[in-house]
Amino acid sequence: MTMQPRQGRRALLIGATSDISRRLAHLLAADGIGLILAARDCARLAPDKADLELRYRVGVELLEIDLLDPAGTRAALLALDPVPEIAVSLVGEMGNQASQQDDPALAARAIAANFTGPALALETLAGRALDANVPAVLVGVSSVAGDRGRARNYYYGAAKAGFTAFLSGLRQRLAATPITVITVKPGFVATRMTQGMDLPAPLLDSAETCARLIKRAIDHKRLIAYPWKWRLLMLAVRAMPEGVFRKLKF
Amino acid sequence: MSMARETLPRLSGWGRYPVIRAPLFHPETEYMAAELVKEGRSLIARGNARSYGDCAAAPGGALSLLKFNHLIAFDTETGILTAQAGVLLNDVLSAFVPRGFFVPVVPGTRFVTLGGMIAADVHGKNHMKAGSFGAHVVWLDLLCADGKVRRCSPAEHGELFAATIGGMGLTGLILHCAIRLNRVETAYVRQRRVVTADLNALIDAFEDSHEASYRVAWLDCLSRGEGLGRALLDLSEHAEPDDLPQSIRMCPFRTPARRTLSMPIDLPVSAVNGLTVRTFNELYFAIGARKAQTSLLPYQSAFFPLDEILNWNRIYGRGGFAQYQCVLPLAGARSGLHALLRAISRAGMGSFLSVLKRFGEGRGGLSFPREGYTLAIDFAWSDRASRLLDELDAITIEHGGHVYLAKDARAPRAAFERMQKGLGDFRALRAETGSAERFQSFQSKRLGL
């Protein structure tokens, strides 16, 4: 069957093999938005491309990028033509906290995969949107783990905290431009990342719920997307005096 | 991979009876699925769990196909769609109705997977005209007991193909399939409603309406005496553009946005009892009989009315429910249906609506449909209901009928063996291909499939 990709908006999803990205791709394509699916191993996305094109009759491109290689990523993003109107970074890697404590290379990787890599990619895209005067929407998926460091995953948490601060700064810098910067802070999401973890069911959202949260934020240009139960919970967690927080085990 | 029993998920079907703790695997790739099969445990495929009983759970583990949900190709000329088996019927309809294609056979819910539709060889309200779903499967890729994938079609591995259609996942794991879609001119259905006073009148009305494509009757299983089996018979066709009012004729494939209700909680006890059912049925028939003779409905409301209340199965409470669906061959249908309805009415049990459909010629094997009438009734699960179902089994056997495996959660093996034809051949094929050891469900063990 011949595809006739509609001319129109396109969204770049970075970290497109993630469970949340896969759901988000459907929600965007259902609105007629074309897709660029970017991932380290984008051959894995060939079936997704065929599926999305068939279901929604939108154009889908695959882009191989590795955020751990900032120069290569920058080159690939500069080569995108035209600049996508929507870009979402869904990249994240929890890693193993204990190994990160012992191995500086793994600790550095956690920072690169969760903070510097995604931040530099969005910086490049912001620059391009600014140059082309495109009213782009840039979305960074951070995490509630960045709201306060915990013993269980503080390299991951610290990197996400850095990413959250980066997004806040970028948003302020671009306030007077047509570019919107959105911070998404999901709580626990049932994905491959959290598979096998013992997480409280009432706080565990599905990838679909999380994708809908991101989609709504894009549609309404909501600057911070945060599930309400997590907003409340983290308000309490952040308000806790350090002396008390230090002794908690969670 | 071993799991402690208490950490195993609680699995059940749509009837929420029985609930069984058993392993559930979520392979990401077909390679991972093949590895699980080669590991030597006995597995069963699990789709969207819309079958009612214990056929999609297994002591060795159920293998969820929900991640195998990609469309692969579509040929506009032939209408042939290739897809992974975990794709939902709803996804196919959402994607292709706007392009003027419809799935030739659809069951009562659109939240079933294509693989499940093949495994249960589902039927629609148009069985007489379109046959069962299997009639529209061009080929399927089956991951067999030896870990190899075989493409099966009427021409290639024909015997395996035939046994897989209606084979309840017991011949292997269906990975992909190619199905033929039909052209339609609108997304709407033109429906004519006929009111019949009793069961005899209903059967006469069925026999007088063979020209209609889709036929289904909703009957009151609690009415007694003269009104035994009073019913509303709906006769429908895919609407043509001329049937549509001017306002929607311009966009004949666009249906109004769906508003779905959801049953948010399990009721502590079933809300379905003699009083509520009697009241509901009285109202339904009073309103239904007064309603316009013909109506125009979006396909969703016409074919999937119950999908508009998500999780409606929860009204039966924590105890769950069982659906009894049997088919009675044409010759004994009239007396058999009377006997079934009398037994149900006498017991004062039964659901809001019972459904009666007319089947045409069947495919044989384990595939459920055969020429005759099929009755489906829900019962809140209880010991009393269980005894009634045994009684219904006896009536079904007496009239040469059998029950639908996709609905069954409780049939005793002895009764099942007396009703099911083609059992010997199916068992022989299972033994020969090695699938008897590799693919087993709680249902297959209970019934000795």
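This is a predicted model: local features need pLDDT of at least 70, side-chain atom pairs count only at pLDDT 80 or more; totals for chains, interfaces and linings use all residues.
As background, nonpolar side chains tend to be buried together in soluble globular proteins.

Return to B:Cys177 and show its surroundings. Which residues is B:Cys177 in contact with, once neighbours within four places in sequence are left aside? They are B:Ala83, B:Ala85, B:Leu114, B:Ile118, B:Val137 and B:Leu140.

**The two domains of chain B**

Colour residues 71-184 of chain B as domain 1 and residues 188-411 as domain 2. Their C-alpha centres lie 24 Å apart. Across the boundary, 27 residues of domain 1 of chain B are in contact with 24 residues of domain 2 of chain B. On the domain 1 side, select α4 (127-130) and α5 (158-164) of chain B, the elements that give two or more residues to the side touching domain 2. α4(B) gives the most, with three residues. By residue class, this side of domain 1 of chain B divides into 12 nonpolar, 11 polar and four charged.

Next, select B:Glu185. B:Glu185 lies in the loop between β12 (182-183) and β13 (188-196) of chain B. Is B:Glu185 buried, exposed or partly exposed? It has 16 C-beta neighbours inside 10 Å, so B:Glu185 counts as partly exposed. Beyond its neighbours within four places in sequence, B:Glu185 is in contact with B:Gly100, B:Glu240, B:Pro241 and B:Pro252.

One more stop in chain B is B:Pro18, in the loop between β1 (10-11) and β2 (20-21). The peptide bond that joins B:Tyr17 to B:Pro18 is cis, with omega near -10°.

**From chain B to chain A**

Show both chains. Seven residues of chain A are in contact with eight residues of chain B. On the chain A side, the touching residues are four nonpolar and three charged, with no polar ones.

**The sheet of chain A**

Now display the strands of chain A. An open sheet of seven strands runs in the order β3-β2-β1-β4-β5-β6-β9, with parallel pairing. Which strands stand at the edges? They are β3 and β9 (224-225) of chain A; each has a single partner strand, so one side of each is left without a neighbour in the sheet.

Within the sheet, select β5(A) and strand β6 (residues 180-184) of chain A. These two run parallel and are joined by five bridges. One pair to pick out is A:Val141 and A:Val184, the latter being the bridge partner in β6(A).

**Loops of chain A**

- Select A:Pro82, in the loop between α3 (70-78) and β4 (86-89) of chain A. The peptide bond from A:Asp81 to A:Pro82 is cis, and its omega is near -5°.
- Select A:Arg57, in the loop between α2 (46-56) and β3 (60-64) of chain A. Phi of A:Arg57 is positive, near 50°, in a residue other than glycine. A:Arg57 counts as partly exposed because it has 17 C-beta neighbours inside 10 Å.
- Select A:Asn133, in the loop between α5 (104-132) and β5 (137-141) of chain A. Phi of A:Asn133 is near 55°, again a positive value in a residue other than glycine. A:Asn133 is exposed, because 11 other C-beta atoms lie within 10 Å, and the cut-off for exposed is 12 or fewer.

**Helix α7 of chain A**

Finish by selecting residues 207-220 of chain A, helix α7. From its first C-alpha to its last, this helix of 14 residues reaches 20 Å, close to the 20 Å expected at 1.5 Å a residue. Which residues of α7(A) are buried? They are A:Cys210, A:Ala211, A:Leu213, A:Ile214, A:Lys215, A:Ala217 and A:Ile218. An α-helix has 3.6 residues a turn, so residues three or four places apart point the same way. Following α7(A) is A:Lys221, with a positive phi near 50°.

Technical notes: Residues are numbered from 1 along each chain as its sequence is written. Chains are lettered from A and ligands numbered from 1 in the order in which they are written. Two residues are in contact if their C-beta atoms, placed from the backbone, lie within 7 Å. Ala, Val, Leu, Ile, Met, Phe, Trp, Tyr, Cys and Pro count as nonpolar, Asp, Glu, Lys and Arg as charged, and the others, Gly among them, as polar. Domain bounds come from an automatic or database domain assignment. Helices (H or I, at least four residues) and strands (E, at least two) are DSSP runs, numbered from the N terminus. The expected span of a helix is 1.5 Å times one less than its number of residues. A residue is buried if 20 or more other C-beta atoms lie within 10 Å of its own, exposed if 12 or fewer, and partly exposed in between; C-beta atoms are placed from the backbone. Two strands pair if DSSP finds at least two bridges between them.
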